[in-house]
Amino acid sequence: MRNVNVVVMGFGNVGRAFVKVVSLKRKMIAEKYGININIVAVGDSKGVAIKKEGFDEYELLKMSELPRSSLHMFAPYGRQEVDIKEVYRETEPHIHVELTPANYLTGEPGYSNILFALRNNAHVVTANKAPLVLHYSEIMNEARSRGLSVRFRATVMGGTPFLEMLSSMKSHDIERVEGILNATTNYILTEMHENLVDFEQALKKAQAIGVAEADPTLDIEGFDAAAKLCIISHVIGKPINMNSVYRESLSKVTLKDVLDAVRQGQVIKYVALLDTQNKVASVKIVRLPKDNILAQVGGVLNAVRVKTDATELFFVGKGGGRIETAHSVFDDVLSIVLEKVIGK
Ligand SMILES: NC(=O)c1ccc[n+]([C@@H]2O[C@H](COP(=O)([O-])OP(=O)(O)OC[C@H]3O[C@@H](n4cnc5c(N)ncnc54)[C@H](OP(=O)(O)O)[C@@H]3O)[C@@H](O)[C@H]2O)c1
């Protein structure tokens with residue numbers, strides 16, 4: 001049995017789900033692949049819990065039930081104000097999992113954490129998009145120069161291995177990627193169409209059931225979808241930056257717009273587009289005929305149409321969700337372990 005040490009930074013929706021999924025599936029993974037996934041440290045904004053030999057299943061489950069920002073109180077392993085250097089010195093991780101919030105101005109804290117991990121010989125898995133959107137080339141060059149991997153399938157269509165499939169299409173010239181990349185805004189539009197409520201009511205419902213954040217700005221203003229287009233653009237080797245993505249605010253959509261669209265047999269969707277031939281990237285409110293394949297994707301589902309010089313493909317799947325995203329993160333961890341750490 002080979003031990004693989006994993007450090008997790010960020011213990012919110014996804015971090016908790018990841019820790020829980022690892023605790024529930026660790027035995028199955030050990031039997032299947034002969035590896036022990038050892039979570040050796042978990043950090044939030046207030047502190048860390050560290051156990052050099054790895055937390056057991058019971059401790060991980062108990063940890064995932066803690067209130068927010070209280071890892072430092074997870075006795076006897078919790079500590080306040082521990083810096084990442086000390087965490088690494090004590091735990092010598094093989095893999096760093098970055099699940100901190102996205103800050104599109106600075107990329108922090110994810111950017112510094114990821115560079116630190118790579119410079120200390122740890123592979124990286126991130127669900128946090130911001131460091132990739134702002135510093136993709138630097139991060140990838142750092143990883144490449146050290147023979148390390150950076151995986152990020154949870155960043156686009158979080159619950160679906162879309163990026164894995166896209167990056168495997170190496171012989172294709174990708175001409176156009178178009179789709180519904182943000183689950184929150186698709187839920188809001190679906191709610192407006194199905195229940196004929198206005199934008200504010202639909203947003204409130206989304207917040208009440210946990211589909212929208214208390215501060216929904218990143219979703220509603222199109223930053224999240226624009227960030228995903230940037231990541232897609234890097235994966236297909238035709239990089240763009242956030243500033244070159246034209247964005248419209250979803251809050252402009254009124255109930256009257258929805259009723260007008262319905263009368264004309266149309267559906268309003270918030271569509272992200274990367275047109276590599278015309279060098280256009282946008283996140284816009286569009287009206288689609290109701291028989292259009294994208295028009296039929298409702299609720300928290302995401303969908304992407306990929307047009308290449310050889311074919312056209314359509315992907316549908318869960319955009320996010322803590323459990324689905326945690327599985328994407330875990331899949332990336334396991335891919336790295338199998339390919340790089342134990343070289344199977
Ligand atoms: N939720 C999804 O379905 C989903 C899907 C795909 C991608 N993502 C991305 O995954 C990441 C995590 O999402 P989430 O929903 O879990 O976010 P979240 O609930 O806001 O959790 C963020 C976590 O990061 C911690 N944190 C903040 N600053 C930190 C710092 N300086 N050092 C260490 N930890 C710090 C927070 O600490 P406290 O607990 O102390 O506040 C919290 O535990 C985000 O970048 C998000 O965009 C999320």
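A polar contact here is a pair of N or O atoms within 3.5 Å; within protein, one must be able to donate a hydrogen and the other to accept it. Five residue pairs, both at pLDDT 80 or more, are in polar contact between domain 1 and domain 2. The model is predicted.

**Domain layout**
- Domain 1 takes in 2-159 + 323-341.
- Domain 2 covers 163-319.
- Over C-alpha atoms, the centres of the two domains are 28 Å apart.
- Domain 1 brings 15 residues to the contact, and domain 2 brings 21 residues.

**Area buried between the domains**
- The size of an interface is often given as the accessible area lost when the parts come together.
- For domain 1 and domain 2, the buried area is about 1,600 Å².
- Carbon and sulfur atoms account for 72% of that area.
- On the domain 1 side, V133, V156 and M157 lose the most area to domain 2.
- Together, V133, V156 and M157 make up 40% of what the domain 1 side buries.

**Charged and polar links across the interface**
- Three salt bridges are counted between domain 1 and domain 2.
- K129 and D224 meet through their side chains in a salt bridge, with N to O at 3.2 Å.
- Helix 5 (130-145) supplies at least two residues of the domain 1 side that touches domain 2, and so does helix 12 (322-341).
- Helix 5 gives the largest share of that side, with three residues.
- By class, the domain 1 side that touches domain 2 has eight nonpolar, three polar and four charged residues.

**Ligand surroundings**
- There are 22 residues around the ligand.
- F11, V14, S45, S69 and T100 come nearest among them.
- T100 also has a backbone N or O atom 2.7 Å from an oxygen atom of the ligand.
- For N13, a backbone N or O atom lies 3.0 Å from a ligand oxygen atom.
- A polar backbone atom of G321 is 3.2 Å from an oxygen atom of the ligand.

**Salt bridges in the whole model**
- The count comes to 23 salt bridges.
- One of them joins K307 and E175, whose closest N and O atoms are 2.8 Å apart.
- K307 lies in strand 12 (residues 301-308) and E175 in strand 8 (residues 174-180), so this pair ties together parts 132 residues apart in sequence.

Notes:
Residues are numbered from 1 along each chain as its sequence is written. This is a predicted model: local features need pLDDT of at least 70, side-chain atom pairs count only at pLDDT 80 or more; totals for chains, interfaces and linings use all residues. Side-chain values use heavy atoms; hydrogens and water are left out. Domain bounds come from an automatic or database domain assignment. Contact means heavy atoms within 4.5 Å. Buried area is the accessible area (1.4 Å probe) that two parts lose on being put together, summed over both. A salt bridge is a side-chain nitrogen of Lys or Arg within 4 Å of a carboxyl oxygen of Asp or Glu. A polar contact is a pair of N or O atoms within 3.5 Å; within protein, one must be able to donate a hydrogen and the other to accept it, and residues adjacent in sequence count only if both atoms are side-chain atoms. Helices (H or I, at least four residues) and strands (E, at least two) are DSSP runs, numbered from the N terminus. Ala, Val, Leu, Ile, Met, Phe, Trp, Tyr, Cys and Pro count as nonpolar, Asp, Glu, Lys and Arg as charged, and the others, Gly among them, as polar. A residue is near a molecule or strand if one of its heavy atoms lies within 4 Å of it.
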